[in-house]
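Colleague: I have a structure on screen and some questions about it. Can you take me through the interior and the aromatic rings?

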Amino acid sequence: MLRAAAFMLVAAARPSTVGAILPSSRHLADAMARAAQGAERLIELGAGTGAITEALCDHHPHVPTLAVELDALLADQLRERFPHVEVRVAPAHRVLRELPAHAGPTALVSSLPFRSLPLRLRLRSSLAIERCLLANSSHRLIQYTYQPRVPFDLRLGGSLRWQRLDVVWRNVPPAWVWELRARAR
Ligand SMILES: C[S@@+](CC[C@H](N)C(=O)[O-])C[C@H]1O[C@@H](n2cnc3c(N)ncnc32)[C@H](O)[C@@H]1O
């Protein structure tokens, strides 16, 4: 099945967890991949059709990459298309909980639609991300939004700070790229 068609099917069936009308554009995917520069491991959260996975593989061909996707149909397509990428069908928070704290610098590259996710899933996902970044200050989250506001409000906070990195107009709709990481005060 065509990727865009599969995406639209899943989006129609589960609009709150997909949270988009179209896959990410190549421009957005490149901006996300550039923002992950320097990471020794990549974990893509909500990989969907693989638009960003493709850019991650192109920009960082030697960095081990794990793609996490909730939907089994989309995950099957990811496995077929990216045989060198490990693909897990699981909610992001479960995968992050299992991440060893001593892992090297890791970029979480996320398409999770925080503004539309069901409340429980949204809170679990954001909390797991905050815990992961607070446990190891070399980790960071790269996330996009469809509005010029932070992807989610921090609940643990601590030394974590949002920074806006980029605006990508050539995406439907335009997207803002953000980084969350621990920063010195
Ligand atoms: C905005 S769409 C994907 C966009 C992706 N960049 C693309 O171009 O296809 C968000 C994706 O996140 C997945 N998703 C939503 N909540 C999730 C969760 N808690 N864990 C893992 N994947 C999730 C959805 O199934 C959907 O495929």
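The questions and answers below cover a cavity, a hairpin and some aromatic pairs.

Colleague: What kind of model is this, and how many cavities of 30 Å³ or more does a search find?

Modeller: This is a predicted model.

Colleague: What is the volume of the largest cavity, and which residues lie nearest its centre?

Modeller: The volume is about 360 Å³. The lining holds 30 residues. Those nearest the centre are Thr17, Gly46, Glu69, Ser111 and Pro113.

Colleague: Which helices and strands each supply at least two residues of that lining?

Modeller: Look along the chain for the contributors. The helices are α2 (15-18), α4 (51-59) and α7 (119-135). The strand is β2 (65-69).

Colleague: How do the lining residues of the largest cavity divide into nonpolar, polar and charged?

Modeller: The lining of the largest cavity has 30 residues. Of these, 7 are polar and 3 are charged. The nonpolar residues number 20.

Colleague: How do strands β6 and β7 run, and which residue is the bridge partner of Leu160?

Modeller: β6 covers residues 160-168 and β7 covers residues 175-182. They run antiparallel and are joined by 8 bridges. They form a hairpin, with 6 residues between the strands. In β7, the partner of Leu160 is Ala182.

Colleague: How many aromatic pairs does the search find, and how are the planes of Phe114 and Phe152 set?

Modeller: The whole structure gives 5 aromatic pairs. Phe114 and Phe152 form an aromatic pair with 4.6 Å centre to centre. Their planes are 50 degrees apart, and the pair is tilted.

Colleague: Why does the pair of Phe114 and Phe152 tie together separate parts of the sequence?

Modeller: Phe114 lies in the loop between β4 (106-110) and α7. Phe152 lies in the loop between β5 (140-145) and β6, so the pair ties together parts that are 38 residues apart in sequence. Both residues are buried. They also belong to one aromatic cluster, formed by Phe114, Phe152, Trp162 and Trp178.

Colleague: Why is the pair of Trp169 and Trp176 edge-to-face?

Modeller: The ring centres of Trp169 and Trp176 are 5.8 Å apart. Planes over 60 degrees apart count as edge-to-face. The planes here are at 70 degrees, so the pair is edge-to-face.

Colleague: Are Trp169 and Trp176 each buried or exposed?

Modeller: Trp169 has 61% relative accessibility, so Trp169 is exposed. Trp176 has a relative accessible area of 11%. The cut-off for buried is under 20%. Trp176 is therefore buried.

Key
Residues numbered from 1 in each chain as written. Predicted model: local features only at pLDDT ≥ 70, side-chain atom pairs only at ≥ 80, totals over all residues. Heavy atoms only, no water. 1 Å grid on protein atoms, 1.4 Å probe; cavity = no way out; pocket = protein on both sides within 12 Å on 5 of 7 lines; lining within 4 Å. Points joined across faces, edges and corners; volume = space filled by probe spheres on them. Helix = DSSP H or I, 4+ residues; strand = E, 2+ residues; numbered from the N terminus. Nonpolar A, V, L, I, M, F, W, Y, C, P; charged D, E, K, R; others polar. Pairing = 2+ DSSP bridges. Phe/Tyr/Trp six-rings, centres within 6.5 Å; stacked < 30°, edge-to-face > 60°. Buried < 20%, exposed > 50% of the residue type's maximum accessible area, 1.4 Å probe, protein only.
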